[in-house]
Amino acid sequence: MELLFSLVFLSLTFSTFLHPTFARGGQQQHSSLSSGIFENSSYNSGSTARHLFEDNRLHLSLDIARGYMTNSQLEKALKAFAQRCSHISRIYSIGKSVKGVPLWVIEISDKPGEEEAEPAFKYIGNVHGDEPVGRELLLFLANWICDNHLKDPLATLIVENVHLHILPTMNPDGFSLRRRGNANNVDLNRDFPDQFFPMNEDVHMRQPETRAIMNWLRDVQFTASASLHGGALVANYPWDGTQDKRS
């Protein structure tokens, strides 16, 4: 159901926002990895680490039952995906967490990394460390697109008309610590600028994960975005606060 909701939301968003907007991947200051880098045997499907993108669906289901992927397993899964789906994707890092974990992004497009007059859409998962479902869901979405872009109209639409950027985890440190905040115990969802509460206007005082997202937004002109949280259904819109926190 969650996957279906994500795909429907994505479809509606694209049908609404399909107008000429320059979309591209991260620039050279981002650590971009081409498929040729992933020849190391540790990323092969025979590795003991769990990979979401293996063709064996039974094995996949059994692995999921064991729990969420660790950060190390997530990175290996991303690199395995980049190798398997290199014709329509690339991965790049927008920065690192407090503990130095790379913030990997999957870009999916028929021309990944190139600038085109197409809308760019981004998904962010795991903003709060203890809300991990988005990590897995976004990888399933990427995998579904890779498997179906030649036969499913929606998947084809996404690949041929959109630059889709997926950040499975914004808060890998909080995930490993099993808590809401990052390694400094800061709620990253409250670490961005606020028009009514300018207590954190010094960019150097913000967390590295927050700065990475802000730099990413300056680099890529996203037409629309969504972040995946857990625990409640909430809709937010830009500048939705008030000074008295009541109205």
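Val 162 is buried, with a relative accessible area of 0%; here buried means under 20% relative accessible area, exposed means over 50%, and partly exposed covers what lies in between (1.4 Å probe, protein chains only). Val 162 sits in the loop between helix 5 (153–161) and strand 7 (163–167), where helices (H or I, at least four residues) and strands (E, at least two) are DSSP runs numbered from the N terminus. Glu 116 is 46 residues from Val 162 in sequence, yet the two lie 9.1 Å apart in space, C-alpha to C-alpha.

The model is predicted, so local features need pLDDT of at least 70 and side-chain atom pairs count only at pLDDT 80 or more, while totals for chains, interfaces and linings use all residues. Residues are numbered from 1 along each chain as its sequence is written, and side-chain values use heavy atoms, with hydrogens and water left out.

Seen as a whole, the chain contains 7 helices and 8 strands. It has 247 residues, of which 48% count as buried. Among contacts (heavy atoms within 4.5 Å) with a separation of 6 or more, 75% come from residues 24 or more positions apart.

Helix packing comes next. Two packed helices are described by the angle between their axes and the distance between the axes. Axes are lines fitted to C-alpha atoms, for helices over the stretch in contact, and angles run from 0 to 180 degrees between N-to-C directions. Angles under 35 degrees count as roughly parallel, over 145 as roughly antiparallel, 65 to 115 as roughly perpendicular and the rest as oblique.

Helix 4 (residues 133–148) packs against helix 5 at an angle of about 100°, with the two axes 9 Å apart. Helix 4 and helix 5 are therefore roughly perpendicular to each other. On the helix 4 side the contact is made by Trp 144, Ile 145 and Asn 148, and on the helix 5 side by Leu 154, Ala 155, Ile 158 and Val 159. These residues divide into 6 nonpolar, 1 polar and no charged; Ala, Val, Leu, Ile, Met, Phe, Trp, Tyr, Cys and Pro count as nonpolar, Asp, Glu, Lys and Arg as charged, and the others, Gly among them, as polar.

Helix 4 also meets helix 3, and here the axes come within 11 Å and cross at roughly 10°. Helix 3 and helix 4 are therefore roughly parallel to each other. Helix 3 contributes Asn 71, Leu 74, Leu 78, Phe 81 and Arg 84 to the contact, and helix 4 contributes Arg 135, Leu 139, Ala 142, Asn 143, Cys 146 and Asp 147. The residues of this contact divide into 6 nonpolar, 2 polar and 3 charged. Helix 3 itself has 14 residues and reaches 20 Å from its first C-alpha to its last, close to the 20 Å expected at 1.5 Å a residue; the expected span is 1.5 Å times one less than the number of residues. The buried residues of helix 3 include Leu 74, Leu 78 and Phe 81.

The structure holds 1 disulfide, which joins Cys 85 to Cys 146 with an S to S distance of 2.0 Å. The torsion about the S-S bond is about -100°, so the disulfide is left-handed. The pair links distant parts of the chain, 61 residues apart, with Cys 85 in the loop between helix 3 (71–84) and strand 3 and Cys 146 in helix 4. Cys 85 is buried at a relative accessible area of 0%, and Cys 146 is buried at 8%.

Asn 126, in the loop between strand 6 (120–125) and helix 4, has a phi near 60°, a positive value in a residue other than glycine. Arg 178, in the loop between helix 6 (172–177) and helix 7 (208–219), likewise has a positive phi of about 60° although it is not a glycine. Asn 126 counts as buried at 0% relative accessibility, whereas Arg 178 is exposed, with a relative accessible area of 76%.

Finally, the buried residues of helix 7 include Glu 209, Ile 213 and Trp 216. Strand 3, strand 4, strand 6, strand 7 and helix 6 are among the elements that cover the buried residues of helix 7.

Technical notes: A disulfide is a pair of cysteine sulfur atoms within 2.5 Å.
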